[in-house]
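Here is a short briefing on one protein model. Look at the sequence and the structure first, then read the points below.

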Amino acid sequence: MAKLSSLEDLLVHELQDIYHAEGQILKALPKMVKAASHPELKTAFEEHRVQTEGQVKRLEQAFKLLGVPLKGKKCEGMAGLLEEGKKTMEEDAEPNVLDAALIAAAQKVEHYEIAAYGCVCTYAEMLGYDQLHDLLGQTLDEEEETDQRLSALAESVVNLDAENVGGQEEEEEPSR
Ligand SMILES: [Fe+2]
Ligand SMILES: [Fe+2]
């Protein structure tokens, strides 16, 4: 029989992928905290690191709920996204521009996670695994909140600071 012969098999397969992805993110976030200059961005990354530890625990619980062994499966997608982020951090970049780039890299990661958790949430719901659906839904909410927080930080501060690099600090135009 095929290895993926049911939606339940696919659910487990995808959870193994996310489990590995979260492990990689947990290793990358401290480097992003270090690389960031804006204190608000450092805090956002650090808080998401702590949140990610909780997300890993939820996944461990998810495997338990399904009665399958805890196992990760190399997530190539996340490895690629984080490799790109690493290369960005190695660039000779102006700190404000680097911060904008770090937000872009982090949001790509969040969007991957939102897609991944969105799928497993749907599968869990379809299979009638209410507890699992609830558990994964909590993480999905956190990923979406993180994405929104990064957008807000980019739009209100970081991208503007990046835009002003090298130019004369312009007086803010009165809005009326
Ligand atoms: Fe996560
Ligand atoms: Fe995340």
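This is a predicted model: local features need pLDDT of at least 70, side-chain atom pairs count only at pLDDT 80 or more; totals for chains, interfaces and linings use all residues.

The protein has five helices and zero strands. Read from the N terminus, its elements run α-α-α-α-α.

**The whole protein**

- The C-alpha trace spans about 65 × 40 × 25 Å along its principal axes.
- The protein has 176 residues, and 38% of them count as buried.
- Its accessible surface comes to about 10200 Å². Carbon and sulfur atoms account for 52% of that surface.
- Take the contacts between residues at least 6 apart in sequence: 81% of them join residues at least 24 apart.

**How to describe a helix pair**

- Two packed helices are described by the angle between their axes and the distance between the axes.

**Helix 2 with helix 4**

- Helix 2 covers residues 39–66, and helix 4 covers residues 95–126.
- Their axes come within 13 Å and cross at roughly 20°.
- That angle makes helix 2 roughly parallel to helix 4, because angles under 35 degrees count as roughly parallel.
- The crossing of helix 2 past helix 4 is left-handed.
- On the helix 2 side, the contact uses Leu41, Phe45, His48, Gln55 and Leu59. On the helix 4 side, they meet Asp99, Leu102, Ile103, Ala106, Glu110, Glu113 and Tyr117.
- The residues of this contact between helix 2 and helix 4 divide into seven nonpolar, two polar and three charged.

**Helix 3 with helix 4**

- Helix 3 covers residues 76–90.
- Helix 3 and helix 4 pack at an angle of about 175°, and their axes are 10 Å apart.
- So helix 3 is roughly antiparallel to helix 4, because angles over 145 degrees count that way.
- Helix 3 brings Gly77, Met78, Leu81, Leu82, Glu84, Gly85, Thr88 and Met89 to the contact. Their partners in helix 4 are Leu98, Ala101, Leu102, Ala105, Lys108, Val109, Tyr112 and Glu113.
- The residues of this contact between helix 3 and helix 4 divide into ten nonpolar, three polar and three charged.
- Leu102 and Glu113 of helix 4 are among the residues that meet helix 3, and both are also listed in the contact with helix 2.

**A proline in helix 4**

- Pro95 is found in helix 4.
- Is Pro95 buried, partly exposed or exposed? Pro95 is partly exposed, with a relative accessible area of 42%.
- Pro95 and Lys31 are 64 residues apart along the chain. Their C-alpha atoms are separated by 15 Å.

Conventions
Residues are numbered from 1 along each chain as its sequence is written. Chains are lettered from A and ligands numbered from 1 in the order in which they are written. Side-chain values use heavy atoms; hydrogens and water are left out. Axes are lines fitted to C-alpha atoms, for helices over the stretch in contact, and angles run from 0 to 180 degrees between N-to-C directions. Helices (H or I, at least four residues) and strands (E, at least two) are DSSP runs, numbered from the N terminus. Angles under 35 degrees count as roughly parallel, over 145 as roughly antiparallel, 65 to 115 as roughly perpendicular and the rest as oblique. A crossing is left-handed if the near helix is turned anticlockwise from the far one by less than a right angle, and right-handed if clockwise. Contact means heavy atoms within 4.5 Å. Ala, Val, Leu, Ile, Met, Phe, Trp, Tyr, Cys and Pro count as nonpolar, Asp, Glu, Lys and Arg as charged, and the others, Gly among them, as polar. Buried means under 20% relative accessible area, exposed over 50%, partly exposed in between (1.4 Å probe, protein chains only). Accessible areas come from the Shrake-Rupley method with a 1.4 Å probe; for residues, only the protein chains shown count as cover.
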